[in-house]
Amino acid sequence: MDAEPKTPMMTRKGFLGAVAGLAVMTGLGGVAKVFSGRELLRPPGGQDEASFISRCLKCDRCRSICPTRVIGIAEVEDGFAVARTPVMKFHLGECTFCGKCTEVCPTKALTAYRTTEASFAGATVRVPDIRTGSASVHKDRCIAWSGGTCAVCFKACPYGAVSQDSDGRPIVDEHVCNGCGVCVYVCPALTARSYIGGTSRGIEVVPSKSGGAL
Ligand code: SF4
Ligand code: SF4
Ligand code: SF4
């Protein structure tokens, strides 16, 4: 009689080896942590991080199909567990909430959301019933907040989420902002940095305190 096939159980030695490997990885500091703890900005529909991480296959389909090329990937510095998962990089483009990334996601890591069409300043835009994050002005980098003149984000926001104070400095209404990232993409502050690999702008989309809810 044939011996029963062995099940691929991890031996005690293998388990200890895995734990030791993990300890080495986490002991290497920020470069090799399993999770860095840094909040990542996901494509629309991926704002429930626990659910997203449990489902994302790192298959790259969302990034490949995005027409504006705004989806990049998380780096090893973000943690081994999340490296190569999709993240929004608004210095590369903006999100139009076209829904293509959600459509191609094979595991529903990016969950469906609804959009309605609306007209702002003569242009038709999609208004999602979720938000990817909220824009936040960096006063130390923003040209207008640093004593100069700039109204680029104010003019570019398709949703009217940016207003100006009496000195012409931008203020974001976080209740209106849906994290489309147009303002980040067009912001001219620190453009010189882009030539040396820097991506910092005068405004940034950060994960919303409300998660993806409006
Ligand atoms: S909704 Fe469209 S534009 Fe936005 S990240 Fe997905 S594919 Fe790109
Ligand atoms: S586009 Fe950038 S530099 Fe100009 S006002 Fe907005 S945040 Fe400031
Ligand atoms: S403030 Fe920026 S991220 Fe928010 S809706 Fe306007 S352009 Fe989009």
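Residues are numbered from 1 along each chain as its sequence is written, while chains are lettered from A and ligands numbered from 1 in the order in which they are written. In this predicted model, local features need pLDDT of at least 70, side-chain atom pairs count only at pLDDT 80 or more, and totals for chains, interfaces and linings use all residues, with side-chain values based on heavy atoms and with hydrogens and water left out.

For the sorting by class, Ala, Val, Leu, Ile, Met, Phe, Trp, Tyr, Cys and Pro count as nonpolar, Asp, Glu, Lys and Arg as charged, and the others, Gly among them, as polar. The residues around ligand 2 are Cys-142, Ile-143, Cys-150, Val-152, Cys-153, Pro-170, Cys-187, Pro-188, Ala-189, Gly-202 and Ile-203. By class, ten residues of this shell are nonpolar, one is polar and none is charged.

A residue is called buried under 20% relative accessible area, exposed over 50%, and partly exposed in between (1.4 Å probe, protein chains only). A disulfide is a covalent bond between the sulfur atoms of two cysteines. The search applied here required a pair of cysteine sulfur atoms within 2.5 Å, and across the whole structure it found zero disulfides.

Charged side chains were then considered. A salt bridge is taken to be a side-chain nitrogen of Lys or Arg within 4 Å of a carboxyl oxygen of Asp or Glu. By this rule there are six salt bridges. One of them joins Glu-49 to Arg-42, with an N to O distance of 2.8 Å. Glu-49 is partly exposed because its relative accessibility is 31%, whereas Arg-42, at 1%, counts as buried. Another salt bridge links Asp-60 and Arg-63 at 2.9 Å, N to O. Asp-60 has a relative accessible area of 22% and is therefore partly exposed, and Arg-63, at 26%, is also partly exposed. The side chains of Asp-165 and Arg-169 meet in a further salt bridge of 2.8 Å, N to O. Salt bridges with shared partners join Asp-165, Asp-167 and Arg-169 into one network.

On the surface, Val-152, Tyr-185 and Val-186 form a nonpolar patch with about 210 Å² of accessible area together. Patches are made of residues with over 30% relative accessible area and no salt bridge, with like charges joined within 9 Å and nonpolar side chains (Val, Leu, Ile, Met, Phe, Trp, Tyr) within 5 Å. The accessible areas come from the Shrake-Rupley method with a 1.4 Å probe, and for residues only the protein chains shown count as cover. Val-152 is also one of the residues around ligand 2. Val-186 belongs to helix H6 (residues 182-186) and, at 33% relative accessibility, is partly exposed. Helices (H or I, at least four residues) and strands (E, at least two) are DSSP runs, numbered from the N terminus.

The backbone was examined last. Most residues other than glycine have a negative phi, and most peptide bonds are trans. Arg-84, by contrast, has a positive phi of about 75 degrees. Arg-84 is placed in the loop between strand S1 (71-73) and strand S2 (86-88) and is partly exposed, at 44%. Phe-97 has a positive phi near 55 degrees and is found in the loop between S2 and helix H4 (100-104). With a relative accessibility of 1%, Phe-97 counts as buried. Gly-179 lies in the loop between strand S7 (170-172) and H6 and is buried, with a relative accessible area of 0%. Although Gly-179 and Val-205 are 26 residues apart in sequence, their C-alpha atoms are 6.0 Å apart in space.

How values were computed: Near = heavy atom within 4 Å.
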